Amino acid sequence: MTDADDDNTFPDYARLTAVTLDEASLGRDSLEVEHEREVAIFDLLEKNNFALEGEGQEGPYALHLSLADNRLVFAISDNDGIPLQQIMLSLSPFRRIVKDYFLICDSYYAAIKTQPASKIEAIDMGRRGLHDEGSHLLMERLKGKVVVDIATARRLFTLLCALHWKG
């Protein structure tokens, strides 16, 4: 996979048409976190590349994300709601990145209120770097189960963080 947003190697049916988050897994969110979650879902549904690996599991797909027993759960079904696959990923490999990402996001939101543009840009570069690192880790952890492009992985990582955030 390339890091390009326009990855034409995916067939038309290799996409998500619905994404939901488990309400019980969500913490009390700040307005910024809630907004990022809403934007990530909107952007994810607008354009994504997502395909289950294996025969007979073609999309389009509906995805329900939740947390259970320190795991990120991908419950994937077809558009008729028929379950296709459930994938559970340990959150342990993400722990450091998510913690650092939350810290830098807090710094970013504080900086946009009072700091000069140069300071905000520097913090934002660090924030994007951590986001990219988490997105690539998510792609790696999904390898052999689900194929996604980097743009889709970035939006999924945002949702992982939204689920992980306990305000």
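A crossing of two helices is left-handed if the near helix is turned anticlockwise from the far one by less than a right angle. The model I am looking at is a predicted one.

**Entry: H2 against H3**

I looked up helix H2, which covers residues 95-114. Its axis and that of H3 come within 9 Å and cross at roughly 155 degrees. Angles over 145 degrees count as roughly antiparallel, and H2 and H3 are therefore roughly antiparallel to each other. By the definition above, H2 passes H3 in a left-handed crossing.

I then listed the residues that meet. From H2 they include Ile97, Tyr101, Ile104, Cys105, Tyr108 and Ile112. On the H3 side, Ile120, Ile123, Leu130 and Leu137 are among them.

**Entry: Glu121**

I found Glu121 in helix H3. Is Glu121 buried or exposed? I have Glu121 down as exposed, because its relative accessible area is 52% and the cut-off for exposed is over 50%. I also checked the distance from Glu121 to Ala111, 10 residues away along the chain: their C-alpha atoms are separated by 9.7 Å.

**Entry: H3 against H4**

I moved on to the pair H3 and H4, whose axes are 8 Å apart and which pack at an angle of about 105 degrees. That angle makes H3 roughly perpendicular to H4. In H3 the contact is made by residues including Arg128, Leu130, His131, Leu138 and Met139. H4 brings Ile150, Ala153, Arg154, Leu156, Phe157 and Thr158 to the contact.

I counted 4 strands in an open sheet, in the order E1-E3-E4-E5, with mixed pairing. Which strands are at the edges? I noted E1 (16-21) and E5, each of which pairs on one side only. From one strand to the next the twist averages 20 degrees.

I followed E4 (residues 71-78) into E5 (residues 83-90) and found that the two strands run antiparallel, joined by 7 bridges. Two of the partners I wrote down are Ile87 in E5 for Phe74 and Gln85 in E5 for Ile76.

H3 (residues 117-142) lies across E4 and E5, and it runs at about 125 degrees to E5. H4 (residues 150-164) lies across E1, E3 (61-68) and E4, and it runs at about 35 degrees to E3.

**Entry: cysteines**

How many disulfides are there? I count 0 disulfides, where the rule asks for two cysteine sulfur atoms within 2.5 Å. Seen from Cys161, the closest is the sulfur of Cys105.

I looked up burial for both, with buried meaning under 20% relative accessible area. Cys105 is buried because its value is 7%, and Cys161 counts as buried because its value is 4%.

Methods
Residues are numbered from 1 along each chain as its sequence is written. This is a predicted model: local features need pLDDT of at least 70, side-chain atom pairs count only at pLDDT 80 or more; totals for chains, interfaces and linings use all residues. Side-chain values use heavy atoms; hydrogens and water are left out. Two strands pair if DSSP finds at least two bridges between them. Axes are lines fitted to C-alpha atoms, for helices over the stretch in contact, and angles run from 0 to 180 degrees between N-to-C directions. Contact means heavy atoms within 4.5 Å. Buried means under 20% relative accessible area, exposed over 50%, partly exposed in between (1.4 Å probe, protein chains only). Angles under 35 degrees count as roughly parallel, over 145 as roughly antiparallel, 65 to 115 as roughly perpendicular and the rest as oblique.
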